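This report considers how a protein chain is divided and what surrounds some of its residues. Please have the sequence and the coordinates at hand while reading.

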Amino acid sequence: MTYENIRLVREGAVTTLFIDRNPKTLNALDNQTLLDIEAGVKSLDEQTRVLIVASANEKAFVAGADIKQMAGLNESQAKEFAALGHRVFALLESLSIPTIAAVNGFALGGGCELALACDFIYASEKAQLGLPEVSLGVIPGFGGTQRLTRLVGRARAKELIFTGARIDAAKAKEIGLVLEVLPAEGLLAHCNAIAEKILKNSPLAIGKAKRVIDQGADKDLTEANTLERQGFAELFGSFDQTEGMKAFIEKRPASFIGK
Ligand code: CAA
């Protein structure tokens, strides 16, 4: 399948989704780019076990939702545009496989929100992140007020959103928005190395861990721990559990199949 504004590259069990709009737009998210991301994510089959979201543009991961497209929207059109962004990012977030954002250059507004919809973010030394929407007279509209707050806490999220400040990768790491900062030329290699480590483990268990972490995050501890107990127990009797424990006892590497 071909897309206008993204490129999907699969190498083994790792697929990289490159945002690849006309470089002059700094990958700003218009309707077409959002629909391409949605179609790209939907096209993934069981051959993909880790997804990396990256940019084909050296200057920007994504510079935000497309301001030129948004400028003339009325309230109901804005609601539709936000709903599209929410739908696409929720789809990305709901994948059972790990998703890694590789942020190089500007990740502002909708770009930062795209990265926040991934499981975790690695950034290059050239990354600049932020949610500058209030400088445009609006607020983040693709989940930023909620996902950033859950990740870095209310006060940091409010500081970033109220000031609209752009922060560099080191500051983003300090506040827990990104996990590691890499030289730009080593960013994708790092993401792939992390993916390779993940691939050694049971896809079934990883999917379960992801679901329990995500579903438990907004529940009280007792309810969340019930989810964990259920998830733990459900894995028993699976091929991967039997194989993983047998391989340990037989002192050999396990061969997982995700079932
Ligand atoms: N939407 C549309 N076009 C954009 C854009 C965006 N978010 N960001 C950059 N561009 C365009 C610029 O208009 C410019 O195009 P022209 O040459 O046709 O004028 C081109 O990309 C290059 O941009 P600059 O000349 O501004 O490049 P720069 O290096 O001087 O600055 C930048 C780069 C700091 C990223 C700056 O472009 C900028 O501040 N962009 C806007 C960032 C922003 O506010 N993002 C949030 C958008 S709102 C949002 O995302 C809402 C939401 O949550 C749903």
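In which helix is L148 found?

The model discussed here is predicted. In it, L148 is found in helix α5, which spans residues 144–152. The relative accessible area of L148 is 0%, and because buried means under 20% relative accessible area, L148 counts as buried. Once residues up to four places away in sequence are set aside, the residues that L148 touches are L116, L131, G143, G153, A157, L160, I161 and L177.

Leaving out neighbours within four places in sequence, the contacts of E38 are with R87, V88 and L91.

## Division into domains

The protein chain is split into domain 1, covering 6–199, and domain 2, covering 203–249. Ten residues from domain 1 and seven residues from domain 2 take part in the contact between them. The centres of the two domains, taken over C-alpha atoms, are separated by 27 Å.

## The interface between the domains

How much area do domain 1 and domain 2 bury between them? The figure is about 590 Å², of which 49% lies on carbon and sulfur atoms. On the domain 1 side, R49, S96 and R150 together supply 54% of the area that this domain buries against domain 2, which is more than any other three residues supply.

Polar and charged interactions can be listed separately. Two salt bridges are found across the interface of domain 1 and domain 2, and four residue pairs are in polar contact across the interface, with both residues of each pair at pLDDT 80 or more. Sorted by class, the side of domain 1 that touches domain 2 holds four nonpolar, two polar and four charged residues.

R150 deserves a separate look, as one of the three residues named above for the area buried by domain 1. The side chain of R150 meets that of D218 in a salt bridge, with a distance of 3.3 Å from N to O.

Terms used
Residues are numbered from 1 along each chain as its sequence is written. This is a predicted model: local features need pLDDT of at least 70, side-chain atom pairs count only at pLDDT 80 or more; totals for chains, interfaces and linings use all residues. Side-chain values use heavy atoms; hydrogens and water are left out. Domain bounds come from an automatic or database domain assignment. Contact means heavy atoms within 4.5 Å. Buried area is the accessible area (1.4 Å probe) that two parts lose on being put together, summed over both. A salt bridge is a side-chain nitrogen of Lys or Arg within 4 Å of a carboxyl oxygen of Asp or Glu. A polar contact is a pair of N or O atoms within 3.5 Å; within protein, one must be able to donate a hydrogen and the other to accept it, and residues adjacent in sequence count only if both atoms are side-chain atoms. Ala, Val, Leu, Ile, Met, Phe, Trp, Tyr, Cys and Pro count as nonpolar, Asp, Glu, Lys and Arg as charged, and the others, Gly among them, as polar. Helices (H or I, at least four residues) and strands (E, at least two) are DSSP runs, numbered from the N terminus. Buried means under 20% relative accessible area, exposed over 50%, partly exposed in between (1.4 Å probe, protein chains only).
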